[in-house]
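Have a go at each task before you read its solution.

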Amino acid sequence: MAKKGSNPTGSSNGNISDEVLTEVSPAPIMNPDELREDLPVERPLSVPTKVRYFFLKYLPYAQKYSSYAFSSFLLMHSATFAIGPLISMDVANTTLSFTNSVYQSSSIEPFLVYGSLGIHILSGLSMRVLKVIDDKVKFDSVSKSTKLISPISKTGIILTPFVLGHIFKARIVPLIVSGDSSFVTMNYISHGFARHPYLSVLVYMPLIVFTGLHVVSGWKKYMNSYGNTSRKLRSVLLGGFFVSSLVSLFKIAVSGATIGYV
């Protein structure tokens with residue numbers, strides 16, 4: 001038996017420890033149930049947290065499907081203004097009168113126009129607010145991903161006041177003043193250009209541009225289409241919409257004032 005401090009291999013480099021080893025008994029194998037008891041107990045989610053998670057889960061669906069409903073109205077409405085005047089003002093007014101009778105009825109307009117638009121805007125704003133609150137609760141700060149505003153959201157934010165202003169001027173004001181908005185035709189818009197040309201340009205140009213950008217980009221996102229073909233199709237759709245809308249707007253603008261409007 002080797003003495004303490006001696007090298008049993010006979011080597012002089014002393015690499016093997018000369019400390020006294022102590023024999024210990026093996027650790028007992030714990031029962032799985034005992035292991036579970038040692039784990040921290042997961043606390044149930046608070047009511048505000050559950051509510052927040054519920055809305056963060058379902059608000060994207062509300063925003064998406066409300067845009068489907070509003071797009072059906074927007075297709076009819078924008079086609080009237082973007083295509084009708086290219087043919088003639090009479091054709092545009094006739095088409096506008098027909099489409100108004102469809103989506104301005106008391107049983108359709110509150111849901112197809114105001115309801116779907118309201119849900120789309122409010123759900124988007126609510127999601128952003130809830131994400132900020134969620135970040136504050138979890139991380140005590142707002143994450144970079146939450147602070148980031150996508151191009152679609154930016155165009156939607158810019159577009160919102162123009163859309164609401166257009167509804168107020170072309171639908172709400174006539175209802176308040178005259179109790180009817182059937183007299184709102186292309187001549188109503190051309191009269192506005194004749195009386196306030198610069199203001200009209202500042203209102204209708206952004207309305208056309210940001211509507212095209214927001215709607216086409218939004219549908220591209222919903223259809224999950226990001227290939228080269230999709231980009232080309234997006235460019236064609238936007239180009240066609242912009243050209244037809246601006247040419248139609250020019251024809252409306254040069255039609256001049258109309259007797260009967262203030």
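**Exercise 1.** How many salt bridges does a search of the whole structure find?

*Solution.* Start with the rule: a salt bridge is a side-chain nitrogen of Lys or Arg within 4 Å of a carboxyl oxygen of Asp or Glu. The search comes up with three. Keep in mind that this is a predicted model, where local features need pLDDT of at least 70, side-chain atom pairs count only at pLDDT 80 or more, and totals for chains, interfaces and linings use all residues. Residues are numbered from 1 along each chain as its sequence is written, and side-chain values use heavy atoms, with hydrogens and water left out.

**Exercise 2.** Work out which parts of the chain E109 and R171 tie together.

*Solution.* First, the contact: the closest N and O atoms of E109 and R171 are 2.8 Å apart, in a salt bridge. Next, E109 sits in helix α4 and R171 in helix α6 (residues 151-178), so this pair joins parts 62 residues apart in sequence. Helices here are DSSP runs (H or I, at least four residues), numbered from the N terminus.

**Exercise 3.** Trace the network that contains D134.

*Solution.* Step one: R52 meets D134 in a salt bridge at 2.9 Å, N to O. R52 belongs to helix α2 (residues 47-87) and D134 to helix α4 (residues 109-139), 82 residues apart. Step two: D134 also bridges to K138, at 3.2 Å between the closest N and O atoms. Together, R52, D134 and K138 form a linked network.

**Exercise 4.** Is D134 buried or exposed?

*Solution.* Buried means under 20% relative accessible area, exposed over 50%, partly exposed in between (1.4 Å probe, protein chains only). D134 has 8% relative accessibility, so D134 counts as buried.

Notes. Helices (H or I, at least four residues) and strands (E, at least two) are DSSP runs, numbered from the N terminus.
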